[in-house]
Amino acid sequence: GATYKLNKQIALGLAVSGAGGAFYVKDDPLPGVAPRSLADSRLQYLEVRLGFNCDWKINDTFRVTGTVGQVLYRQFKYIDRDYKLKSSDTVPFVSLSGTISL
C-alpha cells in the first residue's frame, strides 16, 4: 500500500490486501449444488481486495478509519471433494472502524 499524510490529523491511502484461511465444514452449505456432498470436508478460502482508505486522528484518544474498494478475487476450494468456486466479477466493499487509545 501507499499512504499520503494530508495533515497531522488525516492520512489517505491506497492498498491491496488479502485474507484467507482453512476451515472444517460440518454441514453442506448448499446441498445438491456440488457434484457430491461438501459435509465433513476442509475448505480453503482466499480473497484479494483493492481499496482507498482515509484515517482521521480526531485527537490523541480517538481515531476513525474508513475504506472503500473492490474485492478483486475470491476462491473457495473444498480440498477433500475436489470442488472449487471462483469469483467471476468484482464486488464493492465498505469498511469503517474506530480506535480508542487510553
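Ala2 stands opposite Leu14 in E2. The model is predicted, so local features need pLDDT of at least 70 and side-chain atom pairs 80 or more, while totals for chains, interfaces and linings use all residues. Residues are numbered from 1 along each chain as its sequence is written, and side-chain values use heavy atoms, without hydrogens and water.

**Exercise 1.** State how strands E1 and E2 pair.

*Solution.* Strands are DSSP runs of at least two residues, numbered from the N terminus. Two of them pair if DSSP finds at least two bridges between them. E1 covers residues 2-5 and E2 residues 10-25; the pairing is antiparallel, over four bridges. Four residues lie between the two strands, which form a hairpin.

**Exercise 2.** Decide whether Asp55 is buried or exposed, and list its contacts.

*Solution.* Asp55 lies in strand E3, residues 41-57. Buried means under 20% relative accessible area, exposed over 50%, partly exposed in between (1.4 Å probe, protein chains only). Asp55 counts as buried because its relative accessibility is 17%. Contact means heavy atoms within 4.5 Å. Leaving out residues up to four places away in sequence, Asp55 touches Gln9, Ile10, Ala11, Arg63, Val64 and Thr65.

**Exercise 3.** Name the contacts of Tyr83 beyond its sequence neighbours.

*Solution.* Set aside neighbours within four places in sequence; Tyr83 is then in contact with Val33, Ala34, Pro35, Leu38, Phe76, Lys77 and Tyr78.
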